[in-house]
Amino acid sequence: MLRMEIEDFTADAYSNGEFVKISKKDLLGKWSVLFFYPGDFTFVCPTELADLQDNYEEFKKLGCEIYSVSMDSHFVHKAWHDSSDRINHVTYPMIGDPNGQLTKMFSLYSPADGMAERGTIVINPEGKVASYEVVSDNIGRNAEELIRKVAASQFVYEHGDQVCPAKWKPGAETLKPTFDLVGKL
């Protein structure tokens, strides 16, 4: 799965008070997070999107753009943005995927309920998947942990001969896999 690359797509999004088009070319040349969630006007989803917004500046410091994605339309995203105290602060693009193009591209479509799974995809500047995670529909994700995963993905992208151990944070020691290290950890 991690050898996967984002395919060509074009989607409508709601962003900063206007409707915009988002395509593969918008993701290339920088780090991106596609943050899939089941649906607008639900329960766990607004807490996650608000958490992303609360940490949005940290993502931007890493040169990473956030794109939330659900199978709702960009019109529904605007209505949710206009009516929710948590969502009306969101400034990153909210992609509408009513035909499931992106959701199905990453095998996140749930035919049982016709919605996206709760999936997080980190895309590197070349458009390749650096991280892919799916959690249960009733478990919210943590933006601070996602920031750590983006930073680790960036580190190994730039230092391919090193790996980041559990709980690694920027500035912490990494590992260089060698024959001599086998069985020593």
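Me: How do the residues of the lining of the largest pocket divide into nonpolar, polar and charged?

Reply: Happy to start there, bearing in mind that this is a predicted model. The lining consists of Glu58, Lys61, Leu62, Asn142, Glu144, Glu145, Ile147, Arg148, Ala151, Lys169 and Pro170. Sorted by class, these residues come to four nonpolar, one polar and six charged.

Me: Which element gives the largest share of the lining of the largest pocket?

Reply: This pocket has a volume of about 180 Å³. The elements that give two or more residues to its lining are α3 (56-61) and α6 (143-158). The largest share is five residues, and the element that gives them is α6.

Me: Thanks! Which strands stand at the edges of the sheet?

Reply: Let's follow the strand order of this open, seven-stranded sheet with mixed pairing: β2-β1-β5-β4-β3-β8-β9. Neighbouring strands are turned by 25° against each other on average, direction ignored. Two strands have a single partner each, so one side of each is left without a neighbour in the sheet: β2 (18-23) and β9 (129-135).

Me: What residue stands opposite aspartate 12 in β2?

Reply: Strands β1 and β2 run antiparallel and are joined by six bridges. Their hairpin has two residues between the strands, and asparagine 16 takes a positive phi near 50° there. Across from aspartate 12, the residue in β2 is lysine 21.

Me: And on the β5 side, which residue stands opposite alanine 13?

Reply: Here the pairing is between β1 and β5, in the antiparallel sense over two bridges. The residue of β5 that stands opposite alanine 13 is isoleucine 95.

Me: Which residue of β5 stands opposite serine 70?

Reply: Now we turn to the pairing with β4. Strand β4 (residues 64-70) and strand β5 (residues 94-96) run parallel, joined by three bridges. Opposite serine 70, the residue in β5 is glycine 96.

Me: At what angle does helix α4 run to β1?

Reply: Helix α4 covers residues 74-83. The strands that α4 lies across are β1 (10-15), β2, β4 and β5. Relative to β1, the helix runs at about 15°.

Me: Why is the pair of tryptophan 31 and tyrosine 157 edge-to-face?

Reply: A search of the whole structure finds eight aromatic pairs, and this is one of them. The two ring centres are 5.4 Å apart. Planes over 60 degrees apart count as edge-to-face. The planes of tryptophan 31 and tyrosine 157 meet that criterion because they stand at 85°.

Me: How many residues apart in sequence are the parts that this pair ties together?

Reply: Tryptophan 31 lies in strand β3 (residues 31-36), while tyrosine 157 belongs to helix α6. The pair therefore ties together parts whose separation in sequence is 126 residues.

Technical notes:
Residues are numbered from 1 along each chain as its sequence is written. This is a predicted model: local features need pLDDT of at least 70, side-chain atom pairs count only at pLDDT 80 or more; totals for chains, interfaces and linings use all residues. Side-chain values use heavy atoms; hydrogens and water are left out. On a 1 Å grid over the protein atoms alone, a cavity is a set of points where a 1.4 Å probe fits but cannot get out, and a pocket is an open set with protein on both sides within 12 Å along at least five of seven lines; lining residues have an atom within 4 Å of a point. Grid points are joined across faces, edges and corners, and a volume is the space filled by probe spheres set on the points. Helices (H or I, at least four residues) and strands (E, at least two) are DSSP runs, numbered from the N terminus. Ala, Val, Leu, Ile, Met, Phe, Trp, Tyr, Cys and Pro count as nonpolar, Asp, Glu, Lys and Arg as charged, and the others, Gly among them, as polar. Two strands pair if DSSP finds at least two bridges between them. Axes are lines fitted to C-alpha atoms, for helices over the stretch in contact, and angles run from 0 to 180 degrees between N-to-C directions. Contact means heavy atoms within 4.5 Å. Rings of Phe, Tyr and Trp (its six-membered ring) pair if their centres lie within 6.5 Å; planes under 30 degrees apart count as stacked, over 60 as edge-to-face and the rest as tilted.
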